[in-house]
Structure formats: C-alpha cells, structure tokens
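Dear colleague,

Please find below the structure for your records. My notes on it follow directly after.

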Amino acid sequence: LCAGTNVGLYFSADAGSSWARAAQPGAGVLSLAAGPAGRVWAGTFGQGVFRSADRGATWESGEGVMAEAIVFCLAAVPEGRQVYAGTAEGLYASSDGGRTWRVAGAVLQGLSVRAVQLFADPAQLMVGTFGGGIFKSGDGGQTWAALNKGLEDLSVRGLSAESGSSAVLYAATSTRGFFRSRDGGLQWRSFNAGLPGLSTRS
C-alpha cells in the first residue's frame, strides 16, 4: 500500500498494519497511481511525477516538462507503460512508464486538469478540468471534445465510470454537487437529493 500526504509518501508491506516513510518524493504528494509488477507513480506539488518499480521502496523523478509540475491526478493503463498526468497547466502523457512526457491535447493546455478517467478501450479517456468542464478523447488524447451539456458547474474535481460501462459516468463538481450521465457524457443531470452540501472533493 502507498499513501500520499502533505508531509510525504508512506508505504506499507503488511496491508496497513504499519507504515514507513519513503525517502522520496518528499512533501506534497497529491496523487498516486499503481501498475503491474510493483510499479507506482506519485504526483507532487511542484516536483512533477516520481516513479517506482519496487512497490515504493525506491523512487526516480521525472524529467523535462514535468520536472516542476503540480500534478493533481494520475492514471495508468493496465499494462503500465502508458501513464496520464493531470496538471495545473494541462494534461501530459507518457508512453515509457513516466520517464518522458508529452502534451496530450493542445486544447487542454492552460487548463487545470483535476481528474482523469480511463476506459476498457485504451484509446478512450476523459478529463475533468477546473473551469473548463469535461473533455473526452477517442484517440488516446490527440483530439478532444467538450461534453458539458447539463453540467451546471464547469469546475470538475472528480470523474468515475460505472464498473463495466463507458456509458454511465459520474462527475463531482466544486459548488453544484454530483452529476450523472447515462450516455457517455453527452447529457449530464444532477443527483444531490439528501446531500447536506454541494461542495465536493472527489
């Protein structure tokens, strides 16, 4: 297990009974993603993405454009080579397990990407942005389409897909609560009955 905190990254080898702090990446771990064979990625506040190939025992830092990035979210495809990082300045992708990074869609540059949702089809992905709403790609992030019909708040903090479905989706917004789509994001409807507040985190 790995846990990111404001003071650093912790890992457990006994299902959470005890924890040890990793020497890297240091303070400000905002996001984590796991892959096969013990691979783990950690997104940080101002230090980019760190990667581990031994379940968090040792870490290597990213290079180039991601060296000082604020990384709000991470997502890795099951095979573990393709990784996406949502940052304060857009979405980045890596095809070599996080060693090098490239811009994943010029339309997202300058937007704060707060959530990345992957699907069974690796060419499909969706992102939630703070202020720009939701975007979806069907070609691995080369082109994007905005999907905000019915979404009452374009500051999206979380995205999720119903298990086994790419049609039923959920979005958590900054001030208007939760929204659900049953058609792959073409139309969103709020479902907040009974919630005491509409400010969400994820």
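I begin with the aromatic residues. Phe191 is partly exposed, since its relative accessibility is 32%. Please bear in mind throughout that the model is predicted.

A search of the whole structure returns 1 aromatic pair. The partners are Tyr170 and Phe191, whose ring centres lie 5.7 Å apart with the planes at 55°, so the pair is classed as tilted. Distant parts of the chain are linked by this pair: Tyr170 belongs to strand β17, Phe191 to the segment after β19, and 21 residues separate them. Tyr170 is likewise partly exposed, with a relative accessible area of 23%.

Two charged side chains are also placed over aromatic rings. Arg114 lies over the face of Phe72, at 4.1 Å from the ring centre. Lys136 lies over the face of Phe119, and here the distance from the ring centre is 5.2 Å.

Ala171 has Phe179 in β18 as its bridge partner.

Another open sheet has 3 strands, ordered β1-β2-β3, and its pairing is antiparallel. The edges are taken by β1 (2-5) and β3 (20-21); each has a single partner strand, so one side of each has no neighbour in the sheet. Over 4 bridges, β1 pairs in the antiparallel sense with strand β2 (residues 8-11). In this pairing, Cys2 stands opposite Phe11 in β2.

Lastly, I would draw your attention to one residue of strand β5 (residues 40-44), namely Thr44. Is Thr44 buried or exposed? Its relative accessible area is 0%, and Thr44 is therefore buried. Which residues is Thr44 in contact with, leaving aside its neighbours within four places in sequence? They are Pro25, Gly28, Val29, Leu30, Phe50, Ala69, Ile70 and Val71. As for Leu32, this residue is 12 residues from Thr44 in sequence, and the C-alpha to C-alpha distance between the two is 9.1 Å.

With kind regards

Conventions:
Residues numbered from 1 in each chain as written. Predicted model: local features only at pLDDT ≥ 70, side-chain atom pairs only at ≥ 80, totals over all residues. Heavy atoms only, no water. Helix = DSSP H or I, 4+ residues; strand = E, 2+ residues; numbered from the N terminus. Buried < 20%, exposed > 50% of the residue type's maximum accessible area, 1.4 Å probe, protein only. Contact = heavy atoms within 4.5 Å. Pairing = 2+ DSSP bridges. Phe/Tyr/Trp six-rings, centres within 6.5 Å; stacked < 30°, edge-to-face > 60°. Lys NZ or Arg CZ within 6 Å of the ring centre and 35° of its normal.
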